[in-house]
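Please examine the structure before reading the solutions.

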Amino acid sequence: MSDVHRAPAIAGSSDQPTREQVLEALGGVFDPELGMSVVELGLVYGIDIVNGAVDITMTLTAPGCPVHDVMPDWIRQAVMAVPGVLSVDVRITFDPPWTPERINLSPRNRGLLA
Amino acid sequence: MSGPGPSAGSAPSPTLPLSYLVTAVAAFVLACAAVPALAPELAGHYYHPRLAALAHTVTLGWITLSILGASYQLIPIVLARPIWSQRLARWQFWILAVGIAGMVSHFYIGRWPGLLMAAVMVGAGVAMHVVNVAMTLSSVERWRLTARFIAMAFTGLGLTVLFGLLLAADRLWKFLPGGFFPTLHAHFHLALLGFVAPAVMGVAARVYPMFLLAPEPSGWPERVQFWGLALGVPGVVTGLLGVPALVVPGAIAVAAASAAHLTWVSRMARDRKRPALDWGLRFVLTGSAFLIAAGTVGLGLAFDLLSGPRAALAYAVLALGGWVSLTIVGMMLKIIPFLVWYRIYSPQVGRVPVPTLARLGWPAAEALAYALLTGGVAAVAAALAVGDARLIGAAGVILAAGALCFAAAVARVLYHMAPSGRRPAAAAGARTA
(Lines give C-alpha, C1' and ligand atoms only; values in the text may rest on other atoms or scores of the structure.)
Protein backbone atom coordinates (compact mmCIF):
# COMPACT_ATOMS: atom_id res chain seq x y z
CA MET A 1 0.00 0.00 0.00
CA SER A 2 1.43 3.37 -0.98
CA ASP A 3 1.78 6.11 1.59
CA VAL A 4 -0.39 8.24 -0.58
CA HIS A 5 -3.41 6.31 0.64
CA ARG A 6 -2.53 7.10 4.24
CA ALA A 7 -2.01 10.81 3.69
CA PRO A 8 -4.41 13.04 5.58
CA ALA A 9 -7.17 14.64 3.62
CA ILE A 10 -6.41 18.13 2.40
CA ALA A 11 -8.65 20.75 3.89
CA GLY A 12 -9.11 23.74 1.69
CA SER A 13 -11.47 26.21 0.19
CA SER A 14 -13.63 25.44 -2.81
CA ASP A 15 -11.10 26.89 -5.31
CA GLN A 16 -8.15 25.04 -3.78
CA PRO A 17 -7.10 21.89 -5.62
CA THR A 18 -7.85 18.71 -3.74
CA ARG A 19 -5.66 15.68 -3.15
CA GLU A 20 -8.12 13.63 -5.17
CA GLN A 21 -7.76 15.96 -8.14
CA VAL A 22 -3.96 15.76 -7.93
CA LEU A 23 -4.10 11.96 -7.66
CA GLU A 24 -6.38 11.81 -10.68
CA ALA A 25 -3.88 13.92 -12.64
CA LEU A 26 -1.00 11.70 -11.50
CA GLY A 27 -3.01 8.69 -12.63
CA GLY A 28 -2.42 9.94 -16.18
CA VAL A 29 1.37 9.81 -15.87
CA PHE A 30 2.38 6.41 -17.15
CA ASP A 31 5.48 4.29 -17.09
CA PRO A 32 6.15 3.96 -20.82
CA GLU A 33 7.43 0.39 -20.50
CA LEU A 34 4.80 -1.01 -18.20
CA GLY A 35 1.80 1.05 -19.25
CA MET A 36 0.99 1.61 -15.56
CA SER A 37 0.53 4.95 -13.87
CA VAL A 38 2.83 6.25 -11.15
CA VAL A 39 -0.10 5.92 -8.73
CA GLU A 40 -0.74 2.27 -9.58
CA LEU A 41 2.98 1.52 -9.32
CA GLY A 42 2.96 2.99 -5.81
CA LEU A 43 5.63 5.53 -6.65
CA VAL A 44 3.85 8.47 -4.99
CA TYR A 45 4.80 8.70 -1.30
CA GLY A 46 3.13 11.94 -0.34
CA ILE A 47 1.14 14.95 -1.53
CA ASP A 48 1.01 18.28 0.30
CA ILE A 49 -1.12 21.15 -0.90
CA VAL A 50 -0.87 24.63 0.61
CA ASN A 51 -2.57 27.58 -1.06
CA GLY A 52 -2.31 26.09 -4.54
CA ALA A 53 1.32 25.06 -4.10
CA VAL A 54 1.61 21.29 -4.55
CA ASP A 55 4.56 19.37 -3.12
CA ILE A 56 4.87 15.80 -4.32
CA THR A 57 7.25 13.28 -2.79
CA MET A 58 7.78 10.23 -4.93
CA THR A 59 10.25 7.54 -5.83
CA LEU A 60 11.34 5.62 -8.90
CA THR A 61 11.67 1.87 -9.29
CA ALA A 62 15.45 2.08 -8.89
CA PRO A 63 18.22 4.60 -8.37
CA GLY A 64 19.55 5.55 -11.78
CA CYS A 65 16.12 4.93 -13.25
CA PRO A 66 16.04 5.84 -16.95
CA VAL A 67 13.33 8.48 -16.62
CA HIS A 68 14.85 10.14 -13.57
CA ASP A 69 15.71 13.23 -15.60
CA VAL A 70 12.31 13.67 -17.20
CA MET A 71 9.82 12.35 -14.65
CA PRO A 72 9.60 15.57 -12.59
CA ASP A 73 8.65 17.49 -15.74
CA TRP A 74 5.97 14.93 -16.59
CA ILE A 75 4.54 15.20 -13.10
CA ARG A 76 4.61 19.02 -13.23
CA GLN A 77 2.90 19.08 -16.64
CA ALA A 78 0.13 16.80 -15.42
CA VAL A 79 -0.52 18.49 -12.06
CA MET A 80 -0.31 22.04 -13.35
CA ALA A 81 -3.37 21.21 -15.46
CA VAL A 82 -5.45 20.83 -12.29
CA PRO A 83 -7.58 23.97 -11.71
CA GLY A 84 -6.23 26.09 -8.86
CA VAL A 85 -2.68 24.69 -8.89
CA LEU A 86 -0.17 27.54 -8.83
CA SER A 87 3.09 25.61 -8.52
CA VAL A 88 4.32 22.04 -8.38
CA ASP A 89 7.44 20.87 -6.60
CA VAL A 90 8.55 17.28 -7.15
CA ARG A 91 10.98 15.63 -4.75
CA ILE A 92 12.48 12.28 -5.71
CA THR A 93 13.53 10.07 -2.82
CA PHE A 94 14.81 6.52 -2.51
CA ASP A 95 14.11 6.27 1.20
CA PRO A 96 12.31 3.96 1.51
CA PRO A 97 13.27 2.22 -1.72
CA TRP A 98 10.49 1.08 -3.99
CA THR A 99 9.59 -2.61 -4.04
CA PRO A 100 7.12 -4.46 -6.27
CA GLU A 101 4.88 -4.95 -3.23
CA ARG A 102 3.84 -1.32 -3.61
CA ILE A 103 2.06 -2.05 -6.91
CA ASN A 104 -1.67 -1.58 -6.61
CA LEU A 105 -3.13 -2.69 -9.93
CA SER A 106 -6.45 -1.27 -11.00
CA PRO A 107 -8.81 -3.70 -12.72
CA ARG A 108 -8.32 -1.68 -15.90
CA ASN A 109 -4.60 -2.32 -15.92
CA ARG A 110 -4.57 -5.98 -15.00
CA GLY A 111 -4.54 -6.85 -18.67
CA LEU A 112 -2.10 -4.13 -19.70
CA LEU A 113 1.03 -5.69 -18.29
CA ALA A 114 2.01 -7.36 -21.49
CA MET B 1 10.95 3.62 -14.87
CA SER B 2 11.39 -0.02 -15.50
CA GLY B 3 13.19 0.06 -18.80
CA PRO B 4 16.87 0.66 -19.30
CA GLY B 5 17.93 4.14 -20.22
CA PRO B 6 19.94 7.15 -19.27
CA SER B 7 20.31 7.82 -15.58
CA ALA B 8 20.11 10.99 -13.65
CA GLY B 9 22.41 13.59 -15.06
CA SER B 10 24.32 10.95 -16.99
CA ALA B 11 22.13 10.28 -19.97
CA PRO B 12 24.27 8.85 -22.75
CA SER B 13 22.90 9.78 -26.13
CA PRO B 14 20.65 6.91 -27.30
CA THR B 15 22.61 6.81 -30.56
CA LEU B 16 25.71 5.58 -28.70
CA PRO B 17 24.35 2.20 -27.57
CA LEU B 18 22.15 2.00 -30.66
CA SER B 19 25.19 2.10 -32.95
CA TYR B 20 26.60 -0.97 -31.16
CA LEU B 21 23.30 -2.81 -30.94
CA VAL B 22 22.25 -2.29 -34.56
CA THR B 23 25.68 -3.44 -35.81
CA ALA B 24 25.39 -6.46 -33.53
CA VAL B 25 21.99 -7.36 -35.02
CA ALA B 26 23.52 -7.19 -38.51
CA ALA B 27 26.30 -9.54 -37.37
CA PHE B 28 23.70 -11.91 -35.88
CA VAL B 29 21.78 -12.09 -39.17
CA LEU B 30 25.03 -12.67 -41.07
CA ALA B 31 26.10 -15.43 -38.68
CA CYS B 32 22.74 -17.21 -38.80
CA ALA B 33 22.60 -16.95 -42.60
CA ALA B 34 26.12 -18.45 -42.73
CA VAL B 35 25.04 -21.62 -40.90
CA PRO B 36 23.24 -23.23 -43.87
CA ALA B 37 25.92 -21.89 -46.22
CA LEU B 38 28.67 -23.51 -44.17
CA ALA B 39 26.78 -26.74 -43.42
CA PRO B 40 29.41 -28.98 -45.13
CA GLU B 41 32.19 -27.40 -43.05
CA LEU B 42 30.10 -27.61 -39.87
CA ALA B 43 29.64 -31.34 -40.46
CA GLY B 44 33.42 -31.74 -40.14
CA HIS B 45 35.94 -30.57 -37.55
CA TYR B 46 35.41 -27.19 -35.96
CA TYR B 47 38.95 -26.04 -36.63
CA HIS B 48 38.42 -24.65 -40.12
CA PRO B 49 39.20 -21.07 -41.21
CA ARG B 50 35.62 -20.41 -42.32
CA LEU B 51 34.22 -21.77 -39.07
CA ALA B 52 36.66 -19.55 -37.19
CA ALA B 53 35.19 -16.66 -39.21
CA LEU B 54 31.68 -17.78 -38.25
CA ALA B 55 32.65 -18.20 -34.58
CA HIS B 56 34.12 -14.69 -34.40
CA THR B 57 31.11 -13.19 -36.20
CA VAL B 58 29.07 -14.61 -33.33
CA THR B 59 31.43 -13.95 -30.44
CA LEU B 60 32.81 -10.55 -31.46
CA GLY B 61 30.28 -9.15 -33.93
CA TRP B 62 27.12 -10.27 -32.17
CA ILE B 63 27.83 -11.03 -28.53
CA THR B 64 30.67 -8.64 -27.71
CA LEU B 65 29.20 -5.64 -29.53
CA SER B 66 25.83 -6.34 -27.87
CA ILE B 67 27.37 -6.49 -24.41
CA LEU B 68 29.53 -3.41 -24.95
CA GLY B 69 26.63 -1.40 -26.38
CA ALA B 70 24.24 -2.53 -23.68
CA SER B 71 26.84 -1.78 -21.03
CA TYR B 72 26.96 1.86 -22.07
CA GLN B 73 23.20 1.94 -21.56
CA LEU B 74 22.92 -0.27 -18.49
CA ILE B 75 25.97 0.70 -16.44
CA PRO B 76 24.48 4.10 -15.52
CA ILE B 77 21.39 2.22 -14.29
CA VAL B 78 22.94 -0.69 -12.47
CA LEU B 79 25.76 1.33 -10.94
CA ALA B 80 23.92 4.68 -10.75
CA ARG B 81 27.08 6.24 -12.24
CA PRO B 82 27.58 8.07 -15.54
CA ILE B 83 29.85 6.57 -18.17
CA TRP B 84 33.31 8.07 -17.83
CA SER B 85 33.72 9.13 -21.49
CA GLN B 86 31.13 8.98 -24.26
CA ARG B 87 33.67 10.33 -26.75
CA LEU B 88 35.99 7.40 -26.05
CA ALA B 89 33.03 5.05 -26.51
CA ARG B 90 32.27 6.49 -29.95
CA TRP B 91 35.88 6.17 -31.14
CA GLN B 92 35.98 2.70 -29.70
CA PHE B 93 32.94 1.65 -31.74
CA TRP B 94 34.54 2.45 -35.09
CA ILE B 95 37.86 0.83 -34.15
CA LEU B 96 36.04 -2.31 -33.02
CA ALA B 97 33.73 -2.43 -36.04
CA VAL B 98 36.64 -2.18 -38.49
CA GLY B 99 38.75 -4.60 -36.45
CA ILE B 100 36.01 -7.22 -36.18
CA ALA B 101 35.19 -6.98 -39.90
CA GLY B 102 38.89 -7.39 -40.61
CA MET B 103 39.25 -10.40 -38.33
CA VAL B 104 36.21 -12.18 -39.77
CA SER B 105 37.24 -11.56 -43.37
CA HIS B 106 40.86 -12.63 -42.79
CA PHE B 107 39.76 -15.76 -40.96
CA TYR B 108 37.48 -16.55 -43.90
CA ILE B 109 40.28 -16.27 -46.48
CA GLY B 110 42.90 -17.69 -44.12
CA ARG B 111 45.37 -14.77 -44.24
CA TRP B 112 47.16 -14.64 -40.90
CA PRO B 113 49.19 -11.36 -41.17
CA GLY B 114 45.98 -9.45 -41.92
CA LEU B 115 44.25 -11.32 -39.10
CA LEU B 116 46.90 -10.19 -36.63
CA MET B 117 46.56 -6.54 -37.73
CA ALA B 118 42.78 -6.70 -37.36
CA ALA B 119 43.14 -8.42 -33.99
CA VAL B 120 45.37 -5.57 -32.81
CA MET B 121 42.57 -3.14 -33.72
CA VAL B 122 40.06 -5.21 -31.76
CA GLY B 123 42.51 -5.28 -28.86
CA ALA B 124 42.78 -1.48 -28.97
CA GLY B 125 38.99 -1.10 -29.02
CA VAL B 126 38.53 -3.48 -26.12
CA ALA B 127 41.29 -1.73 -24.16
CA MET B 128 39.41 1.56 -24.61
CA HIS B 129 36.25 -0.06 -23.26
CA VAL B 130 38.05 -1.60 -20.31
CA VAL B 131 39.53 1.82 -19.46
CA ASN B 132 36.09 3.45 -19.75
CA VAL B 133 34.47 0.86 -17.49
CA ALA B 134 37.35 0.89 -15.01
CA MET B 135 37.16 4.67 -14.68
CA THR B 136 33.38 4.42 -14.23
CA LEU B 137 33.73 1.71 -11.60
CA SER B 138 36.36 3.71 -9.74
CA SER B 139 33.65 6.02 -8.42
CA VAL B 140 31.44 3.18 -7.14
CA GLU B 141 31.21 3.29 -3.37
CA ARG B 142 29.36 0.07 -2.67
CA TRP B 143 30.51 -3.02 -4.54
CA ARG B 144 27.26 -4.90 -4.97
CA LEU B 145 27.00 -8.13 -6.95
CA THR B 146 26.50 -6.39 -10.29
CA ALA B 147 29.55 -4.16 -9.88
CA ARG B 148 31.66 -7.17 -8.95
CA PHE B 149 30.37 -9.14 -11.94
CA ILE B 150 31.01 -6.24 -14.30
CA ALA B 151 34.58 -5.91 -13.04
CA MET B 152 35.02 -9.66 -13.50
CA ALA B 153 33.49 -9.60 -16.98
CA PHE B 154 35.69 -6.86 -18.35
CA THR B 155 38.79 -8.37 -16.78
CA GLY B 156 37.79 -11.57 -18.55
CA LEU B 157 37.25 -9.68 -21.81
CA GLY B 158 40.69 -8.08 -21.60
CA LEU B 159 42.36 -11.43 -20.92
CA THR B 160 40.37 -13.14 -23.69
CA VAL B 161 41.45 -10.57 -26.26
CA LEU B 162 45.05 -10.74 -25.06
CA PHE B 163 44.87 -14.51 -25.40
CA GLY B 164 43.41 -14.13 -28.89
CA LEU B 165 46.20 -11.75 -29.89
CA LEU B 166 48.77 -14.30 -28.75
CA LEU B 167 47.02 -17.00 -30.75
CA ALA B 168 46.95 -14.78 -33.85
CA ALA B 169 50.65 -13.98 -33.42
CA ASP B 170 51.35 -17.68 -32.88
CA ARG B 171 49.96 -18.41 -36.32
CA LEU B 172 52.90 -16.44 -37.71
CA TRP B 173 55.74 -17.10 -35.31
CA LYS B 174 54.88 -20.31 -33.44
CA PHE B 175 56.07 -19.40 -29.98
CA LEU B 176 53.29 -20.61 -27.65
CA PRO B 177 54.11 -23.71 -25.60
CA GLY B 178 51.77 -26.67 -25.39
CA GLY B 179 49.31 -28.11 -27.88
CA PHE B 180 47.24 -25.88 -30.13
CA PHE B 181 43.81 -27.28 -29.30
CA PRO B 182 44.07 -27.04 -25.50
CA THR B 183 45.13 -23.42 -25.99
CA LEU B 184 42.20 -22.81 -28.34
CA HIS B 185 39.78 -24.42 -25.87
CA ALA B 186 41.17 -22.25 -23.07
CA HIS B 187 40.62 -19.12 -25.21
CA PHE B 188 37.01 -20.16 -25.88
CA HIS B 189 36.26 -20.88 -22.23
CA LEU B 190 37.89 -17.70 -21.04
CA ALA B 191 35.57 -15.81 -23.39
CA LEU B 192 32.43 -17.76 -22.50
CA LEU B 193 32.92 -18.18 -18.76
CA GLY B 194 35.25 -15.32 -17.92
CA PHE B 195 33.59 -12.57 -19.95
CA VAL B 196 30.11 -13.46 -21.21
CA ALA B 197 28.83 -15.41 -18.19
CA PRO B 198 29.61 -12.73 -15.56
CA ALA B 199 28.31 -10.02 -17.92
CA VAL B 200 24.97 -11.82 -18.31
CA MET B 201 24.69 -12.75 -14.63
CA GLY B 202 25.69 -9.28 -13.46
CA VAL B 203 23.21 -7.45 -15.63
CA ALA B 204 20.51 -9.99 -14.81
CA ALA B 205 21.00 -9.29 -11.10
CA ARG B 206 19.69 -5.75 -11.49
CA VAL B 207 17.69 -5.72 -14.71
CA TYR B 208 15.58 -8.88 -14.46
CA PRO B 209 13.89 -7.71 -11.24
CA MET B 210 13.10 -4.38 -12.93
CA PHE B 211 11.57 -6.03 -15.99
CA LEU B 212 9.79 -8.83 -14.14
CA LEU B 213 8.70 -6.58 -11.26
CA ALA B 214 10.17 -9.09 -8.88
CA PRO B 215 12.08 -8.65 -5.62
CA GLU B 216 15.85 -8.72 -5.98
CA PRO B 217 16.81 -12.16 -4.74
CA SER B 218 19.63 -12.55 -2.27
CA GLY B 219 21.26 -15.23 -0.15
CA TRP B 220 23.24 -18.26 -1.26
CA PRO B 221 22.48 -18.08 -5.02
CA GLU B 222 24.15 -14.68 -5.15
CA ARG B 223 27.31 -15.90 -3.42
CA VAL B 224 27.46 -19.18 -5.34
CA GLN B 225 27.09 -17.43 -8.69
CA PHE B 226 29.96 -15.08 -7.98
CA TRP B 227 32.38 -17.43 -6.28
CA GLY B 228 31.53 -20.31 -8.62
CA LEU B 229 32.75 -18.25 -11.55
CA ALA B 230 35.58 -16.54 -9.65
CA LEU B 231 37.06 -19.91 -8.69
CA GLY B 232 35.80 -22.07 -11.52
CA VAL B 233 36.97 -20.05 -14.53
CA PRO B 234 40.66 -19.96 -13.51
CA GLY B 235 40.39 -23.67 -12.76
CA VAL B 236 38.95 -24.56 -16.17
CA VAL B 237 41.29 -22.30 -18.13
CA THR B 238 44.43 -23.30 -16.22
CA GLY B 239 43.38 -26.92 -16.42
CA LEU B 240 42.99 -26.74 -20.20
CA LEU B 241 46.33 -24.99 -20.56
CA GLY B 242 48.40 -27.53 -18.71
CA VAL B 243 47.07 -28.66 -15.33
CA PRO B 244 44.39 -31.20 -16.34
CA ALA B 245 43.52 -32.02 -12.72
CA LEU B 246 41.94 -28.56 -12.38
CA VAL B 247 39.42 -29.00 -15.21
CA VAL B 248 36.88 -31.10 -13.30
CA PRO B 249 36.81 -29.04 -10.07
CA GLY B 250 36.70 -25.87 -12.17
CA ALA B 251 33.81 -27.23 -14.23
CA ILE B 252 31.94 -28.24 -11.05
CA ALA B 253 32.35 -24.72 -9.65
CA VAL B 254 31.05 -23.19 -12.90
CA ALA B 255 28.16 -25.66 -12.92
CA ALA B 256 27.31 -24.61 -9.36
CA ALA B 257 27.31 -20.96 -10.46
CA SER B 258 25.02 -21.84 -13.35
CA ALA B 259 22.68 -23.78 -11.07
CA ALA B 260 22.55 -20.86 -8.64
CA HIS B 261 21.79 -18.48 -11.50
CA LEU B 262 18.96 -20.71 -12.71
CA THR B 263 17.56 -21.02 -9.19
CA TRP B 264 17.63 -17.30 -8.86
CA VAL B 265 16.00 -16.61 -12.27
CA SER B 266 13.27 -19.16 -11.57
CA ARG B 267 12.57 -17.51 -8.19
CA MET B 268 12.18 -14.14 -9.89
CA ALA B 269 9.91 -15.61 -12.55
CA ARG B 270 7.81 -17.27 -9.85
CA ASP B 271 7.56 -14.22 -7.57
CA ARG B 272 7.09 -11.61 -10.30
CA LYS B 273 4.30 -9.06 -10.10
CA ARG B 274 4.17 -8.78 -13.88
CA PRO B 275 1.63 -11.44 -14.82
CA ALA B 276 1.99 -11.36 -18.59
CA LEU B 277 5.35 -11.83 -20.28
CA ASP B 278 6.19 -9.97 -23.47
CA TRP B 279 8.31 -11.65 -26.15
CA GLY B 280 11.50 -10.05 -24.85
CA LEU B 281 11.04 -11.62 -21.43
CA ARG B 282 10.08 -14.97 -22.98
CA PHE B 283 13.34 -14.93 -24.90
CA VAL B 284 15.27 -14.16 -21.72
CA LEU B 285 13.65 -16.95 -19.70
CA THR B 286 13.95 -19.47 -22.53
CA GLY B 287 17.60 -18.51 -22.92
CA SER B 288 18.11 -19.30 -19.25
CA ALA B 289 16.56 -22.73 -19.79
CA PHE B 290 19.15 -23.45 -22.51
CA LEU B 291 21.80 -23.05 -19.82
CA ILE B 292 20.64 -26.40 -18.40
CA ALA B 293 21.37 -28.18 -21.67
CA ALA B 294 24.65 -26.31 -22.23
CA GLY B 295 25.81 -27.02 -18.67
CA THR B 296 24.93 -30.71 -18.95
CA VAL B 297 26.91 -31.16 -22.17
CA GLY B 298 29.76 -29.04 -20.75
CA LEU B 299 29.99 -31.26 -17.68
CA GLY B 300 29.90 -34.30 -19.94
CA LEU B 301 32.91 -32.92 -21.81
CA ALA B 302 34.74 -32.05 -18.59
CA PHE B 303 34.20 -35.56 -17.19
CA ASP B 304 35.22 -37.15 -20.51
CA LEU B 305 31.78 -38.72 -20.83
CA LEU B 306 31.52 -36.87 -24.15
CA SER B 307 34.32 -36.01 -26.54
CA GLY B 308 35.12 -35.03 -30.09
CA PRO B 309 34.11 -32.20 -32.39
CA ARG B 310 30.42 -33.20 -32.59
CA ALA B 311 29.80 -32.79 -28.86
CA ALA B 312 32.01 -29.69 -28.73
CA LEU B 313 30.08 -27.98 -31.53
CA ALA B 314 26.72 -28.87 -29.98
CA TYR B 315 27.97 -27.50 -26.64
CA ALA B 316 29.10 -24.24 -28.27
CA VAL B 317 25.73 -23.78 -29.97
CA LEU B 318 23.72 -24.53 -26.82
CA ALA B 319 25.82 -22.07 -24.81
CA LEU B 320 26.41 -19.27 -27.32
CA GLY B 321 23.31 -19.73 -29.47
CA GLY B 322 20.91 -20.88 -26.77
CA TRP B 323 21.71 -19.28 -23.44
CA VAL B 324 23.67 -16.21 -24.52
CA SER B 325 22.06 -15.32 -27.84
CA LEU B 326 18.44 -15.84 -26.80
CA THR B 327 19.11 -13.78 -23.68
CA ILE B 328 20.64 -11.00 -25.76
CA VAL B 329 17.74 -11.07 -28.24
CA GLY B 330 15.31 -10.71 -25.34
CA MET B 331 17.24 -7.86 -23.78
CA MET B 332 17.47 -6.09 -27.12
CA LEU B 333 13.70 -6.31 -27.52
CA LYS B 334 13.51 -4.37 -24.26
CA ILE B 335 16.43 -1.96 -24.69
CA ILE B 336 16.06 -0.83 -28.31
CA PRO B 337 12.38 0.23 -28.00
CA PHE B 338 13.24 2.22 -24.89
CA LEU B 339 16.15 3.99 -26.60
CA VAL B 340 13.97 4.89 -29.58
CA TRP B 341 11.05 5.93 -27.37
CA TYR B 342 13.32 8.04 -25.20
CA ARG B 343 14.79 9.83 -28.21
CA ILE B 344 11.61 10.34 -30.21
CA TYR B 345 8.63 10.40 -27.85
CA SER B 346 9.96 11.38 -24.42
CA PRO B 347 10.30 15.09 -25.33
CA GLN B 348 6.63 15.09 -26.40
CA VAL B 349 5.24 13.71 -23.14
CA GLY B 350 2.68 16.09 -21.67
CA ARG B 351 2.28 17.96 -24.95
CA VAL B 352 0.72 15.28 -27.15
CA PRO B 353 -0.37 11.70 -26.53
CA VAL B 354 2.56 9.35 -27.11
CA PRO B 355 2.59 5.57 -27.55
CA THR B 356 3.79 3.15 -24.89
CA LEU B 357 6.85 1.04 -25.60
CA ALA B 358 4.67 -1.97 -26.32
CA ARG B 359 3.16 -0.14 -29.27
CA LEU B 360 6.54 0.57 -30.86
CA GLY B 361 7.27 -3.06 -31.61
CA TRP B 362 5.95 -5.69 -33.98
CA PRO B 363 4.65 -8.53 -31.77
CA ALA B 364 3.87 -10.86 -34.68
CA ALA B 365 7.47 -10.68 -35.92
CA GLU B 366 8.76 -11.12 -32.36
CA ALA B 367 6.55 -14.19 -31.86
CA LEU B 368 7.73 -15.72 -35.12
CA ALA B 369 11.34 -14.93 -34.22
CA TYR B 370 10.83 -16.64 -30.85
CA ALA B 371 9.47 -19.84 -32.43
CA LEU B 372 12.10 -19.98 -35.18
CA LEU B 373 15.13 -19.00 -33.10
CA THR B 374 14.43 -21.26 -30.14
CA GLY B 375 13.53 -24.15 -32.45
CA GLY B 376 16.42 -23.31 -34.77
CA VAL B 377 19.05 -23.27 -32.02
CA ALA B 378 17.85 -26.63 -30.68
CA ALA B 379 17.72 -28.09 -34.19
CA VAL B 380 21.21 -26.82 -35.11
CA ALA B 381 22.67 -28.24 -31.88
CA ALA B 382 21.05 -31.63 -32.55
CA ALA B 383 22.12 -31.62 -36.20
CA LEU B 384 25.71 -30.75 -35.23
CA ALA B 385 25.71 -33.59 -32.73
CA VAL B 386 24.65 -35.96 -35.50
CA GLY B 387 27.07 -34.40 -37.99
CA ASP B 388 24.81 -34.60 -41.03
CA ALA B 389 25.36 -31.68 -43.43
CA ARG B 390 21.81 -31.79 -44.81
CA LEU B 391 20.29 -31.68 -41.33
CA ILE B 392 22.64 -28.84 -40.35
CA GLY B 393 21.62 -26.95 -43.49
CA ALA B 394 17.90 -27.43 -42.83
CA ALA B 395 18.23 -26.39 -39.19
CA GLY B 396 20.34 -23.43 -40.27
CA VAL B 397 17.56 -22.25 -42.58
CA ILE B 398 15.17 -22.20 -39.61
CA LEU B 399 17.73 -20.26 -37.60
CA ALA B 400 18.34 -17.77 -40.40
CA ALA B 401 14.60 -17.22 -40.83
CA GLY B 402 14.33 -16.51 -37.11
CA ALA B 403 17.19 -14.04 -37.27
CA LEU B 404 15.48 -12.23 -40.15
CA CYS B 405 12.22 -12.01 -38.17
CA PHE B 406 14.15 -10.60 -35.21
CA ALA B 407 15.88 -8.07 -37.48
CA ALA B 408 12.50 -7.10 -38.95
CA ALA B 409 11.10 -6.54 -35.44
CA VAL B 410 14.09 -4.34 -34.58
CA ALA B 411 13.78 -2.47 -37.89
CA ARG B 412 10.13 -1.75 -37.14
CA VAL B 413 11.12 -0.15 -33.84
CA LEU B 414 13.91 1.85 -35.48
CA TYR B 415 11.45 3.04 -38.15
CA HIS B 416 9.94 5.29 -35.47
CA MET B 417 13.08 7.39 -35.75
CA ALA B 418 12.02 8.36 -39.27
CA PRO B 419 9.30 11.06 -39.38
CA SER B 420 7.04 8.81 -41.47
CA GLY B 421 7.32 5.99 -38.94
CA ARG B 422 6.03 7.84 -35.90
CA ARG B 423 2.62 7.09 -34.56
CA PRO B 424 0.28 8.71 -32.05
CA ALA B 425 -1.06 6.93 -29.00
CA ALA B 426 -4.16 4.93 -29.84
CA ALA B 427 -5.03 2.76 -26.87
CA ALA B 428 -6.04 3.15 -23.30
CA GLY B 429 -2.97 3.49 -21.17
CA ALA B 430 -0.98 4.92 -24.02
CA ARG B 431 -1.02 8.46 -22.72
CA THR B 432 2.09 9.18 -20.78
CA ALA B 433 1.13 12.46 -19.26
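Helices (H or I, at least four residues) and strands (E, at least two) are DSSP runs, numbered from the N terminus. The model is predicted: local features need pLDDT of at least 70, side-chain atom pairs count only at pLDDT 80 or more, and totals for chains, interfaces and linings use all residues. Residues are numbered from 1 along each chain as its sequence is written, while chains are lettered from A and ligands numbered from 1 in the order in which they are written.

**Exercise 1.** Locate H187(B) and determine whether H187(B) is buried or exposed.

Solution. Step one: H187(B) belongs to helix α7 of chain B, residues 180-212. Step two: apply the burial criterion, by which a residue is buried if 20 or more other C-beta atoms lie within 10 Å of its own, exposed if 12 or fewer, and partly exposed in between, with C-beta atoms placed from the backbone. Because H187(B) has 21 C-beta neighbours inside 10 Å, H187(B) counts as buried. Step three: list the contacts, where two residues are in contact if their C-beta atoms, placed from the backbone, lie within 7 Å. Leaving aside neighbours within four places in sequence, H187(B) touches T160(B), F163(B), G164(B) and L167(B) by this criterion. Step four: L162(B) is 25 residues from H187(B) in sequence, and their C-alpha atoms are 9.5 Å apart.

**Exercise 2.** Compare the end-to-end spans of α12(B) and α11(B) with expectation.

Solution. Step one: the expected span of a helix is 1.5 Å times one less than its number of residues. Step three: α11(B), with 37 residues, reaches 51 Å from first to last C-alpha, close to the expected 54 Å. Step four: α11(B) has a kink of about 35° centred on S325(B); the bend at a residue is the angle between axes fitted to the seven residues ending there and the seven starting there. Step five: 31 of the 37 residues of α11(B) are buried, so this helix is largely enclosed by the rest of the structure.

**Exercise 3.** Which burial classes apply to L213(B) and D304(B)?

Solution. Step one: L213(B) is in the loop between α7 and α8 (220-241) of chain B, and its phi is positive, near 55°. Since L213(B) has 22 C-beta neighbours inside 10 Å, L213(B) is buried. Step two: D304(B) occupies the loop between α10 (279-302) and α11 (308-344) of chain B, with a positive phi near 65°. D304(B) is exposed because 9 other C-beta atoms lie within 10 Å.

**Exercise 4.** Describe how β2(A) pairs with β1(A) and β3(A).

Solution. Step one: two strands pair if DSSP finds at least two bridges between them. Strands β1 (residues 44-50) and β2 (residues 53-58) of chain A are antiparallel, with six bridges. In this pairing I47(A) stands opposite I56(A), and G46(A) opposite T57(A). Step two: the hairpin has two residues between the strands, and N51(A) takes a positive phi near 50° there. Step three: β2(A) and β3(A) run parallel and are joined by six bridges, with I56(A) opposite V90(A). Step four: the covered face of β2(A) carries V54(A), I56(A) and M58(A), whereas A53(A), D55(A) and T57(A) form the uncovered face. Step five: in the segment after β3 (87-92) of chain A lies P96(A), joined to D95(A) by a cis peptide bond with omega about 5°.
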